[in-house]
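Trainee: I have a new model open. Where should I start reading?
Mentor: Start with the whole, then move to single residues.

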Amino acid sequence: MAELATLWIVRHGESTANVAATQAEASGAELIDLTHRDADVPLSTTGEEQARATGRWLAGLPEARRPDVAVVSPYLRAVRTAELALAGTGIPVNRDERLRDRELGILDGLTPYGVRQRFPAEADRRTRLGKFYYRPPGGESWTDVALRLRTLLGDLRRDHPDRRVLLFGHDALVFLLRYLVEGLTEAELMALTREHVIANCSVTGWSAGADGRLVPDGFNEVAHLHRQGARPTREDEVHAEPV
């Protein structure tokens, strides 16, 4: 199978839901104060600043390193991040629903504390099945998201062989791309999720090695935000999903 020359994924900038979730968890609330459906959550002012900083970093890349094409989640926070980061670059952009965030079903809008209080049976079932295979009612398991990402990767490799592809998406997708591209086991993937929180506007990438296979080329990198004068979201401010 043909391979990409480079693959990157940028997590969207800080969103208003990230801010609301941090506040809810800090106060011990069960519900996150959300005013939009998940697909329509906008960036915060900080998120827009982070996206513009990512754009300045992209503009400073050598020509031989710049992306040839960008593929974006249809969710507003990812679309707006891509718009700001890619402004003036001329890089063609496509939206693909397979890059949408993981759907949480009946647990959407709840803090981890809220899940335990309102759906204790689901919290127990999640513990029994494990994070990788647990599917909340009306939502998706991590394996469900992996399936749609696997088909997307196949299409990207077919449609853009030997080209540099930049994705804009969500935190779970960053972990799952590592799982798929690097051939991680479930245990290795879950260890990553315990050890790391994917920062807003962080960059994770892979480049073709000597044998043509994609190999890691940076994980959860935010140095570009520091260099471009943006405020990276602190790890304790990055909201993790409740399940």
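This is a predicted model: local features need pLDDT of at least 70, side-chain atom pairs count only at pLDDT 80 or more; totals for chains, interfaces and linings use all residues.

Trainee: What does the secondary structure of the protein chain come to?
Mentor: Nine helices and six strands. The radius of gyration is 18 Å, close to the 18 Å that the globule rule gives for 243 residues, so the chain is as compact as a globular protein of that length. Its C-alpha trace spans about 50 × 40 × 25 Å along the principal axes.

Trainee: How many of the 243 residues count as buried?
Mentor: The share is 53%. The chain exposes about 11100 Å², and carbon and sulfur atoms supply 49% of that area.

Trainee: Which share of contacts joins residues at least 24 apart?
Mentor: Take the contacts between residues at least 6 apart in sequence; 75% of them join residues at least 24 apart.

Trainee: And the charges? How far apart are the mean positions of the positive and negative ones?
Mentor: There are 31 positive and 36 negative charges, and their mean positions are 1 Å apart.

Trainee: How do I read a helix?
Mentor: Think about its turn. An α-helix has 3.6 residues a turn, so residues three or four places apart point the same way. Now take helix α8, residues 186-195. Its buried residues are Leu189, Met190, Ala191, Leu192 and Thr193.

Trainee: What do the buried residues of α8 pack against?
Mentor: Two helices: α6 (142-159) and α7 (171-182).

Trainee: Is glutamate 14 buried or exposed?
Mentor: Compare its relative accessibility with the cut-off: buried means under 20%. Glutamate 14 has 8%, so it counts as buried. Beyond residues up to four places away in sequence, glutamate 14 touches Val19, Leu43, Ser44, Thr46, Gly47, Gln50, Asn200, Arg231 and Thr233.

Trainee: Where is asparagine 94 found?
Mentor: In strand β3, residues 93-95. With a relative accessible area of 40%, asparagine 94 is partly exposed. Leaving aside neighbours within four places in sequence, asparagine 94 is in contact with Val69, Ala70, Val71 and Val72.

Trainee: How far is asparagine 94 from proline 232 in space?
Mentor: They are 26 Å apart, C-alpha to C-alpha, and 138 residues apart in sequence.

Technical notes. Residues are numbered from 1 along each chain as its sequence is written. Side-chain values use heavy atoms; hydrogens and water are left out. Helices (H or I, at least four residues) and strands (E, at least two) are DSSP runs, numbered from the N terminus. The radius of gyration is taken over C-alpha atoms; the globule rule is 2.2 Å times the number of residues to the power 0.38. Buried means under 20% relative accessible area, exposed over 50%, partly exposed in between (1.4 Å probe, protein chains only). Contact means heavy atoms within 4.5 Å. Accessible areas come from the Shrake-Rupley method with a 1.4 Å probe; for residues, only the protein chains shown count as cover. Lys and Arg count as positive and Asp and Glu as negative; His and the chain ends are not counted. The place of a charge is taken as NZ of Lys, CZ of Arg, CG of Asp or CD of Glu.
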